[in-house]
Amino acid sequence: MIFPYLIHILILIGIYLILAVSLNLSLGYAGLLSLGHVALFGIGAYTSALLNINGVPFVFSFLLAGLLAGFFGFLLAFATGKLKGDYYALASLGFAFVVYSLLLNLTEITRGPLGIPGISKPQIFGWAIKDNFSYLIFLALVCFVSIFLINKIVNSGFGKLLGAMRDDETGLRILGKDTKKLKYKTMFVSGFFAGISGSLFAHYIGFIDPNTFYISELVLILTIVILGGIASLKGSITATFVVIVLSELMRFLPLPSAIIGPGRQIVYAIVLIIILMFRPRGLLGRIDLE
Amino acid sequence: MPEREDNEDEDEEEETPREARKRKQQKSNNFATVAVVIILILLSGYVYMGVTGNAIFGLGEKKGTVQETIKIGFMGPLSGDAASYGHGIKRGVELALKDSGLTNVEIIYEDTKCEGKEAVNAINKLINIDGVSVIIGEVCSGATLAAAPIAEENQVVMISASSTSPKITDAGDYIFRAIPSDALQGRFAANLVYKMNITNLSILYGNEEYGIGFKDVLKESFEELGGNVTAAESFERGSSDLRTQLTKIRQAKPQAIFIISNSPDSAVAALKQIKQLGMKIKVFGSEGLKGPEVAATKATGEGLIITSVSAGTEEFFEKYYREYGLQPEPFSSQAYDSFTALAETIKKGAKTGTEIKNALYGISFSGVSGEIEFDSDGDVSGNYDVYQLKNGTFVLF
Amino acid sequence: MSLLLQVAINGLIAGSIYALVSSGFSLIYNTNKFMHFAHGASVAVSGYFLYGFFAIIKLNFFYSLSLTLIFSALLGLLIYRIIYLPLQNRKASNVILLIASISILILLQNLILLLFGANVKDIEFVEVKKGLEFFGAVITLTQIVILLTAVLFFIFLYFFMNKTILGKNMRAVSENKELASIVGINSRKISDFSFLIGSFLGGAAGILIAVEQNITPTMGTILMIKGFTGAVIGGISSVPAAVLGSYLLGLAENFGIVFLPSGYKDAISFVLLFLFLLFRPEGIIGGKRRTK
């Protein structure tokens, strides 16, 4: 008798799955710890939402969300080209902050802290998705396609080059490969998927505001990717299930929600610390974190 | 003999160290995953048992179907900086429930912290999982506006006791409120300020639906009367460093400042910093400032003039005091009336969201906060009082 | 004229707070060569310690103050010993340490949220009244105390780093750890001290903000970001540069919002941080650039 709630959890898992897998593509395969991914998620969500309330059909707002986020991913890679390791992480974190404050302050475009309410459910070529179950089916389709595509990328020649770049960038450059272009392409694809997951998120929840794409989301996403392990699609999928289910389970504890909110963040933080200290590879990762 | 031994050796060729590592890694990975999945399944099972023992989940297809108990949702800030409003409204609602004598009503409380995002999560849960037909909430205009489209789409009634943004008038057929729109209070406030011989006003307002809505009406009305708004600065909800905004306002040399905030923390900070910056001007406030935190500032807030909706009849004061040992809090009387209106429709037999909505449009009674009659937009008209903070208490001006 | 003066004063006060946070962070970074983002927690926790001692247990203010400073310093040391040291012994990379430090910050911040609730809390120690006026600008007594305290601490820090043995040893370890240990300096002990002193400075920042404004659970994160930005602007490889950068940041923010809407204050910091990290990661002062 808890079907509606199960559907809700599965939808959340689906959305975060695409996001986690996109981050894993950049972090796990290209070795770029992009702490700014939450911003790409947000750009996708806002693009889709703004287009939607202005009457643009879902298919276009969905794809444009991905493309715009992908573009910003590329920009981020372009701007931070020379940075490595934790400097890159911090610059991408800085990027996330800049995007957050732009979302908050460019009120003529984004409505700032008021957020964007009333985002409608998708309508695709006449198929109006009204209830959650249909949304889940649509989402599952998108998930399968995304994972299939990313899996293909990862197992292709391109993917192997990425792995090589993660493990030894200088060596790869000596061999004559243009690692900069590789990074750009990776961040574009990674950003694209982050963007469409943002769009799916916006259309499901129906309301977004800048705070949705800030520190607590960042911690959630980071936990999923690190728990799942670097360079493992299976790991990201498993970890998304684990983290989302755990955090939703907490809702049922007989505690006031004033405690559950911070409680969740504490759980994520502890999980992260434990993994970093005792199992940096995460659940199914194939390589230790850096 | 030696050859056979060699063959055997080749068959059982030793693993290279690399393969051994890989195999161990595989095993360790699998073990970890299986362990986590098992733990999760056990946890889910435990929670499932605990949960189905307590709550009743509908299949979520028909909302507000005929049930024995009528479920009413409550969304408001029960924690966070607007919590004092949330609890005041909760108390008003519970008192009204008691007075109504209804026994087949269940109120499900959700803490939404005055935030749009929380309100949306809560309303999704209340509608899809708890199967409510009507929701009292939210407290803050921004959160109400965030949740309203969802209520409207699902044909669930939403009635707020305290959201005053003018935008709520057009939020939908199913959206009601027992408190008048700021389109009225803003005008009232402008009149009040102008009548006190002030022609040069500055406004400090919270950067959210409530603040922006009120500010727009106040500015427009004040300028219509012939006055001048020389500065209008906004601040983020909950922000406690308003010196920059106040410095800019001070620069504009206004005769008075009107503070619009539904965050007591920000209001208190504003009052303090006005004093610290040595600004000698008349200070006005919207009703968001009529709360215990501001009253507690005593000397700092002395002289503050506030416009406010009615706090309630004398009878209501007595009733509230008898029940809770407290004076009615901001919006308690509006909350009481919100629930009473719902109770009337339920007593007339309304059960689903649509039935309650239709019945509400026909309601008319004398509530404790004023006349309760909803116009075609779901709004009520209202009267306003003016209070002044003297020696730590708000007295009628 | 008076507007500019007021803005300059506001900028110097904000800068002082950022500089206190930043100097502690920079000290820890230069001695240990990784980013201790959880330093923000030292600031937030100290504000709440003060609140706990002074407003809840109702201890005398100056006892509360001293205890708070001691506890903040010890907290920093604790984090080092429990989390960072084991990770370092395992040869963890800087990325891992960074994520660990962010996790610790989130953990502590949410613990505060859990224990104390989300509303702003006031430490009512100073009476609210008009500040001193000069040339049209106003400055309160507390704000003067902040400026003086910050300057005093920085002078002490300078003497400590340059005239005392411990200070000189710390600088030696910052410059070249291997060489320092060859010469017989116990780098573990030096690290301990860097965390103690750095967190002490962070604790001082927390106390000053608590008294001047108020405390909120999220104050640690935003101050850490500002302190970090100040360090990056000035130059990450030197503590005095971090101080300079922080004052510049405070001034930039406050002058910026004369022209921009007040909401853009934090945005100014973020944009400056991002730009400096991209185009001049070594900061204004420059100097040694990390090779890693």
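Reader: How many residue pairs are in polar contact across the interface of domain 1 of chain B and domain 2 of chain B?

Author: In this predicted model, the rule finds 2 such residue pairs, both at pLDDT 80 or more. Helix H3 (83-100) and helix H5 (141-153) of chain B each supply at least two residues of the domain 1 side. H5(B) gives the largest share of that side, 3 residues. The residues of the domain 1 side divide into 8 nonpolar, 7 polar and 2 charged.

Reader: Why is the pair B:Lys167 and B:Glu209 called a salt bridge?

Author: The cut-off is 4 Å from a side-chain nitrogen of Lys or Arg to a carboxyl oxygen of Asp or Glu. The side chains of B:Lys167 and B:Glu209 meet at 3.0 Å, N to O, so the pair falls within the 4 Å limit and counts. Across the interface of the two domains, the rule finds 1 salt bridge.

Reader: Which residue ranges make up domain 1 and domain 2 of chain B?

Author: Domain 1 takes in 70-179 + 312-383, and domain 2 is 183-289. Their C-alpha centres lie 28 Å apart.

Reader: What makes these two domains count as being in contact?

Author: The criterion is heavy atoms within 4.5 Å. By that criterion 17 residues of domain 1 of chain B are in contact with 15 residues of domain 2 of chain B, and therefore the two domains count as touching. The area buried between them is about 1100 Å², with 52% given by carbon and sulfur atoms. B:Asp81, B:Tyr85 and B:Pro166 supply 45% of the area that domain 1 buries against domain 2, more than any other three residues.

Reader: How do you know that B:Lys272 and C:Asp122 form a salt bridge?

Author: The closest N and O atoms of B:Lys272 and C:Asp122 are 2.8 Å apart. The limit is 4 Å, so this pair qualifies. Across the interface of chain B and chain C the rule finds 3 salt bridges, along with 5 residue pairs in polar contact, both residues at pLDDT 80 or more.

Key:
Residues numbered from 1 in each chain as written. Chains lettered and ligands numbered in written order. Predicted model: local features only at pLDDT ≥ 70, side-chain atom pairs only at ≥ 80, totals over all residues. Heavy atoms only, no water. Domains from an automatic or database assignment. Buried area = accessible area lost by both parts, 1.4 Å probe. Polar contact = N/O pair within 3.5 Å; in protein donor to acceptor, adjacent residues only side chain to side chain. Helix = DSSP H or I, 4+ residues; strand = E, 2+ residues; numbered from the N terminus. Nonpolar A, V, L, I, M, F, W, Y, C, P; charged D, E, K, R; others polar.
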